[in-house]
Amino acid sequence: MTKLLGELLCEKKYLDSSQLEAALETQKKTGKKLGQLLCESGAVSPRQLIEALVEQAGLEKITLEDRTIGREVLDLIPAEVVSQYNLIPVERQDGRLTVAMADPFNHEAIADLRLLTGLVIRRCYCPASDLEKAISKYYGSNVARMLRDLAPGEKEKADTSALEDELEGEQLSAARLHELAREPSLVNLVNLILFEAIESRASDVHIEPFEKDVRIKYRIDGVLIEKSSSPKRLQAAIISRIKIMANMNIAERFVPQDGHIEFAGAKSKIDIRVSTVPTIFGESVVMRLLDRSAALIPLEQLGMNPTTLKGFVHCLSKAHGIVLVTGPTGSGKTTTLYASLNRIYDPTRKIITIEDPVEYQLDGVVQIPVNPRRGLTFGRGLRHILRQDPDIIMVGEIRDKETADIAVRAALTGHLVFSTLHTNDAAGAVTRLIDMGVEPFLLASSLEGVLAQRLVRKICPRCREPYQPSAALLESLNNSIRIEPGTPLYHGRGCDECNRTGMSGRLGIFELLRVTEPMRKLIASRPTTDQILAAAPSDHVSMRHSGIEKILAGITTAEEVLRATQGVEED
């Protein structure tokens, strides 16, 4: 029978019974883990806690002093990972890698090792002091010292070397930056950042320079999460490494640049768009991660309710006309357009897209990337697409009057046109196009439907639990669906699976405005958004309504829906 953690700590004389009772009482009030409470109070040290947990879990405790580790095993894990997590690979056998760790309960480290090696990780415990000796023995004292400086959280060393002094400066030559960016430790460090971002399902990686450090953040499910920080002296080398990978000019640090990386992930190639801008503390880098091999999401799984889905599919079935998807950047518009094209694909119809950039590859669809540097804009590309005898056209975004006019005229001459627009709601798309200069009577004849959307985070299924929201929150939500007090709602408690956020994955909330005959007459008269909403067909529901349906179904939280629908017209 497995002993309780408190019993083990008392048996080892690390804790007395009175301290244990006090900690258990605090645990009842706070809900925190017992080990966390004991460490926070200083009753036990982290080492003592880990030793007790190792015994409780039945993990093997190994010594490295008399053990010989082969170079082929050591090469499986990059040196900076060894230093960052204080671990060392010991043995590889039958697809399993035995790793000695100072903290064998570090799930982030285990996940990174699994991703980097592709092997099953067998964790063993080894005291930190023994590990440091082994790392120095196998990786060399100079490398070990450098990698300790790479590890997050380590304090600055007073006796920095000449190389470290050079890295502190901002005036490194282009040749020296090239040399530093090709150092194996720097290559591995940048690769690790990207591997971790991919494993975490991040859509973007932000590298932000500040006065004393460089912060690394991942955008996961639409929210920025700070993962680690890097010493300031490595800033120039890290950014230069990224710029070399993206074929950018590393000598130019004072103007914005854009680049592109094809990165080989663990499962597939990842397309990375890189953007740099100069700041007062150096260049800030943002990398957008696009997995081109990712499976397209079927239209039915985007989050539309049955009524909205039926109405939208009806719009897609038209022989000609314009169908618009609207919303801010990052609201999933492109995903919806791809799902739409996938739904109506027919080899007997020619489908051409013009996009900036092409995010996913669609089988059987001709896709054209915008290239403004060579004069290929949306407007110019669209004009040439019309000479390619298309049946269906997708324009990545309507940005100006030229593109809008050509799209409308294409729809009027027998083409089905899909595009996106940046507006808060569906009704706003009509007034935006008229403001751009599109003639109202032409728009009235060509527009078939507008789908507005936002993304909300889904509650993590592993830690989902019921809770009672405040009356004020319920009152602020009340809309076309009223949530009565006492209605069971759900949120995520937070677990290792969801990075303690309580949320995992995202889903759309939608507002569909179908253009009916009465609506066409109204559009021709230059209406306001209020007039358009008043004339909307009976199947029209607001995004807030769509969100409340998902709250009541236990899919998302009230806070998420409120955040996503701020500033949107309500019923």
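Angles between axes under 35 degrees count as roughly parallel, over 145 as roughly antiparallel, 65 to 115 as roughly perpendicular and the rest as oblique. The axes are lines fitted to C-alpha atoms, for helices over the stretch in contact, and the angles run from 0 to 180 degrees between N-to-C directions.

This is a predicted model: local features need pLDDT of at least 70, side-chain atom pairs count only at pLDDT 80 or more, and totals for chains, interfaces and linings use all residues. Residues are numbered from 1 along each chain as its sequence is written, and side-chain values use heavy atoms, with hydrogens and water left out.

**Overall picture**

The protein has 24 helices and 18 strands. Helices (H or I, at least four residues) and strands (E, at least two) are DSSP runs, numbered from the N terminus. The C-alpha trace spans about 85 × 65 × 45 Å along its principal axes. Of the 571 residues, 51% are buried. Buried means under 20% relative accessible area, exposed over 50%, partly exposed in between (1.4 Å probe, protein chains only). Contact means heavy atoms within 4.5 Å. Among contacts with a separation of 6 or more, 65% join residues 24 or more positions apart.

**Helices α7 and α12**

The axes of helix α7 (residues 107-117) and α12 come within 10 Å and cross at roughly 105°. α7 and α12 are therefore roughly perpendicular to each other. From α7, Glu108, Asp112, Leu115 and Leu116 meet Leu192, Phe195, Glu196 and Glu199 of α12. The residues of this contact divide into four nonpolar, no polar and four charged. Here Ala, Val, Leu, Ile, Met, Phe, Trp, Tyr, Cys and Pro count as nonpolar, Asp, Glu, Lys and Arg as charged, and the others, Gly among them, as polar.

**Aromatic pairs**

Rings of Phe, Tyr and Trp (its six-membered ring) pair if their centres lie within 6.5 Å; planes under 30 degrees apart count as stacked, over 60 as edge-to-face and the rest as tilted. By this rule the count comes to two aromatic pairs.

| Pair | Distance of centres | Angle of planes |
|---|---|---|
| Phenylalanine 195 and phenylalanine 263 | 5.3 Å | 65° |
| Tyrosine 338 and tyrosine 360 | 5.6 Å | 90° |

Phenylalanine 195 lies in helix α12 (residues 184-199) and phenylalanine 263 in strand β7 (residues 257-264), so this pair ties together parts that are 68 residues apart in sequence. Both phenylalanine 195 and phenylalanine 263 are buried.

The rings of tyrosine 338 and tyrosine 360 have their planes at 90°, so that pair is edge-to-face. Tyrosine 338 is in helix α15 (residues 333-344), and tyrosine 360 is in the loop between β11 (351-355) and β12 (366-369), 22 residues apart. Tyrosine 338 counts as buried at 0% relative accessibility. Tyrosine 360 also counts as buried, at 19%.

**Threonine 336**

Helix α15 also holds threonine 336. At 1% relative accessibility, threonine 336 counts as buried. Leaving out residues up to four places away in sequence, threonine 336 touches Leu299, Leu302, Phe312, Val325, Leu451, Gln453 and Phe510.

**Helix α23**

Eight of the ten residues of helix α23 (residues 543-552) are buried. They are Met543, Arg544, His545, Ser546, Gly547, Ile548, Lys550 and Ile551. The buried residues of α23 pack against β15 (447-459), α20 (471-477), β17 (489-492), β18 (503-514) and α24 (558-564). Just after α23, glycine 554 takes a positive phi of about 75°.
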